Amino acid sequence: MSKLPLSNEQLKAQAPALFTEEPHNDVSDKYHFIPTIDVINEIKSNNWYPVSVSEASVRDLDKEGYQQHLVRFRYLDDLLLSHEDNAVELLLFNSHDRSKSFSISAGIYRFVCSNGLVIADSVFESYKIKHLGDRENDVATAVANITAIKPKLMEKILKLESIELTQLEKESFARSSIPLRFDKHLLVNHIDLLVPHRDEDTPNDLYTVLNVIQENLLRGNISGINKDTGRRFTSREITSISKDVSVNQGLWDIAERILSIKEPSFALAA
């Protein structure tokens with residue numbers, strides 16, 4: 001992911017759905033349509049800039065240009081600083097076919113592994129977007145709240161980094177994460193989820209272990225057995241935006257629970 005903001009031309013080339021000017025014809029007359037690019041421009045006016053974008057693939061070609069999409073923003077201060085290991089991000093979700101509501105969430109980007117975490121709703125509640133302009137501006141409220149919570153989220157990361165896990169605790173984390181990605185009939189070895197892919201991922205702190213498990217779950221190449229058929233399989237990379245988010249939020253929630261057990265005095269709320 002580039003640290004330079006994406007221009008509107010780059011956004012359009014990578015995700016044309018951001019610029020769709022009307023909803024899909026299946027939506028009702030009550031559907032409140034807001035072009036995604038309008039919200040992007042408002043977020044930019046509040047000092048957050050788009051650094052990454054993705055849109056879902058479609059099976060029905062009639063939905064092309066209306067599908068779910070995700071834009072990740074970074075605060076101007078974080079674009080100017082290069083020595084930080086992590087950055088808080090603002091995540092904008094939308095679709096124009098009712099497959100995903102317009103919402104803003106918080107995330108964390110870890111530079112060493114190019115991993116983008118999504119903060120669990122138990123820490124930061126997502127904000128639904130219903131209006132633009134001066135009246136009931138949900139965008140302004142969401143952006144202001146994520147801007148305000150940035151220092152607390154960075155403090156949370158430092159706390160997660162300070163918690164050392166034993167091998168048994170790491171394995172418990174990995175076992176708990178399996179249902180986030182694999183159905184009950186798919187058997188995988190939880191130890192495979194703890195295999196680091198770079199020297200920076202060898203420490204045993206809670207934050208590093210969280211990121212190692214996340215990378216293995218999302219990027220695939222985990223072998224297992226389908227107990228219903230007896231056949232072996234190898235997991236593929238997750239490309240679904242919704243599945244990526246659900247796995248990320250589930251992992252963050254598990255990490256929060258481990259933190260509350262290891263450090264009960266530390267407030268769970270960011």
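Trainee: In which sense do strand 4 and strand 5 pair, and over how many bridges?

Mentor: Keep in mind as we go that this is a predicted model. Strand 4 (residues 103–110) and strand 5 pair in the antiparallel sense, over four bridges, and since at least two bridges are needed for strands to count as paired, the word applies here. Within this arrangement, Tyr109 stands opposite Gly116 in strand 5.

Trainee: What makes both faces of strand 5 count as covered?

Mentor: Strand 5 (residues 115–118) has Asn115 and Leu117 on one side and Gly116 and Val118 on the other, and all of these are buried, a word that requires under 20% relative accessible area.

Trainee: What sits over the ring of Tyr109, and how do you know that the term applies?

Mentor: The charged end of Arg74 sits there, 4.8 Å from the ring centre, where the distance limit is within 6 Å. Elsewhere, Lys12 lies over the face of Phe19, at 5.6 Å from the ring centre, and this value also meets the limit of within 6 Å.

Trainee: How many aromatic pairs does the structure hold, and why is the pair of Trp48 and Tyr75 called tilted?

Mentor: There are three aromatic pairs. The rings of Trp48 and Tyr75 have centres 5.2 Å apart and planes at 55°; planes under 30 degrees apart would be stacked and those over 60 edge-to-face, so this pair is tilted. Trp48 belongs to strand 1 (residues 48–55) and Tyr75 to strand 2 (residues 69–75), so the pair ties together parts that are 27 residues apart in sequence. Both Trp48 and Tyr75 are buried.

Trainee: Why do Phe182 and Phe233 form a tilted pair?

Mentor: Their ring centres are 6.2 Å apart, and pairing needs centres within 6.5 Å; their planes stand at 50°, so the pair is tilted. This pair links distant parts of the chain, with Phe182 in the loop between helix 5 (167–181) and strand 7 (186–188) and Phe233 in strand 9 (residues 232–234), 51 residues apart. Both Phe182 and Phe233 are buried.

Trainee: Which residues does Leu186 touch, leaving aside those up to four places away in sequence?

Mentor: Leu186, which lies in strand 7, touches Ile225, Asn226 and Phe233 when those places are not counted.

Trainee: Where is confidence lowest and where is it highest in the chain?

Mentor: Confidence is lowest in strand 6 (residues 127–128), at a mean pLDDT of 73, and highest in helix 5, at 98, while the chain averages a pLDDT of 85.

Note on methods: Residues are numbered from 1 along each chain as its sequence is written. This is a predicted model: local features need pLDDT of at least 70, side-chain atom pairs count only at pLDDT 80 or more; totals for chains, interfaces and linings use all residues. Side-chain values use heavy atoms; hydrogens and water are left out. Rings of Phe, Tyr and Trp (its six-membered ring) pair if their centres lie within 6.5 Å; planes under 30 degrees apart count as stacked, over 60 as edge-to-face and the rest as tilted. Helices (H or I, at least four residues) and strands (E, at least two) are DSSP runs, numbered from the N terminus. Buried means under 20% relative accessible area, exposed over 50%, partly exposed in between (1.4 Å probe, protein chains only). A charge sits over a ring if NZ of Lys or CZ of Arg is within 6 Å of the ring centre and within 35 degrees of the ring normal. Contact means heavy atoms within 4.5 Å. pLDDT is the predictor's confidence in each residue, from 0 to 100.
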